[in-house]
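Please walk through this protein chain with its sequence and coordinates open. The text starts with a single side chain and then widens to the whole chain.

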Amino acid sequence: MPENEVSPGGPASGASSGPKITRFIKAAAVLGILIILILLGAALAAALTAAETWAPLVQILRDVLLMILLLESILVIAAFAILLLQAAGFLIMLKTEVKPILDNARETTRLSKATAQFINSNAVDPLIQIKSFLSGLLAFLRELIRIRNLAASEEPRADHYDEPQTP
């Protein structure tokens with residue numbers, strides 16, 4: 001892929017720089033460990049063969065390794081201090097940015113609950129009462145008409161008896 005083309009994951013240089021850096025760090029770590037092991041092996045061999053002649057060189061090597069460990073300890077302490085500062089910054093951000101958002105969400109929830117109660121008591125409940133009253137009234141009228149129709153069908157009609165009967 002040419003360098004000026006963009007891959008689906010993003011720019012070509014941004015996508016490939018991650019694996020290159022990781023590969024470089026792994027290679028440097030392996031190389032550092034190999035150098036330390038070789039130096040330790042050489043120091044052990046020198047101490048076992050001719051300790052008197054190699055003693056000054058082993059002392060210098062020891063001092064150098066102690067200096068490296070001291071610098072490494074300083075780096076670890078600095079990294080820990082940076083971690084603490086980042087954690088403090090995160091907590092400050094939570095307090096200054098997230099807390100107002102949560103307070104706003106609480107206020108919105110409270111207002112929506114109050115609005116729902118207002119609508120329920122001023123619109124929904126009266127409509128339900130009116131509908132139930134009208135339903136009851138309609139049922140009453142329906143039954144009244146039914147009773148009237150039943151009564152009318154059972155009573156003999158007066159005009160039916162008034163007509164003369166023809167034989």
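Does phenylalanine 133 count as buried or exposed? The model is a predicted one, and in it phenylalanine 133 has a relative accessibility of 56%. The cut-off for exposed is over 50%, so phenylalanine 133 counts as exposed. This residue has its place in helix H2. Phenylalanine 133 also belongs to a nonpolar patch on the surface, together with Ile130, Leu134, Leu137, Phe140, Leu141 and Leu144. The accessible area of the patch comes to about 690 Å².

Helix H2 covers residues 51-154. Of the 167 residues in the protein chain, 2% are buried. The chain exposes about 15000 Å², and 71% of this area is supplied by carbon and sulfur atoms.

The mean pLDDT of the protein chain is 82, and 81% of the residues reach at least 70. Confidence is highest in helix H2, at a mean of 89, and lowest in strand S1, residues 6-7, at 47. Residues 1-14 have a pLDDT below 50, and this stretch makes 6 contacts in the model beyond near neighbours in sequence.

Charged side chains are the remaining topic. Side chains of opposite charge can pair when their charged atoms come close.

Lysine 99 pairs with aspartate 103, with 3.9 Å between the closest N and O atoms. The cut-off for a salt bridge is within 4 Å, so this pair of lysine 99 and aspartate 103 at 3.9 Å is counted. The two residues are 4 apart in helix H2, so about one helical turn separates lysine 99 from aspartate 103. Lysine 99 is partly exposed, with a relative accessible area of 48%, and aspartate 103 is also partly exposed, at 36%.

Aspartate 103 has a salt bridge to arginine 106 as well, at 2.9 Å from N to O. These residues lie 3 apart in helix H2, about one turn of the helix. Arginine 106 has a relative accessibility of 56% and therefore counts as exposed.

Further along helix H2, glutamate 143 and arginine 146 lie 3 residues apart, about one turn of the helix. Glutamate 143 forms a salt bridge with arginine 146, and their closest N and O atoms are 3.4 Å apart. Glutamate 143 is partly exposed, its relative accessible area being 39%.

Key:
Residues are numbered from 1 along each chain as its sequence is written. This is a predicted model: local features need pLDDT of at least 70, side-chain atom pairs count only at pLDDT 80 or more; totals for chains, interfaces and linings use all residues. Side-chain values use heavy atoms; hydrogens and water are left out. Buried means under 20% relative accessible area, exposed over 50%, partly exposed in between (1.4 Å probe, protein chains only). Accessible areas come from the Shrake-Rupley method with a 1.4 Å probe; for residues, only the protein chains shown count as cover. pLDDT is the predictor's confidence in each residue, from 0 to 100. Contact means heavy atoms within 4.5 Å. Patches are made of residues with over 30% relative accessible area and no salt bridge: like charges are joined within 9 Å, nonpolar side chains (Val, Leu, Ile, Met, Phe, Trp, Tyr) within 5 Å. A salt bridge is a side-chain nitrogen of Lys or Arg within 4 Å of a carboxyl oxygen of Asp or Glu.
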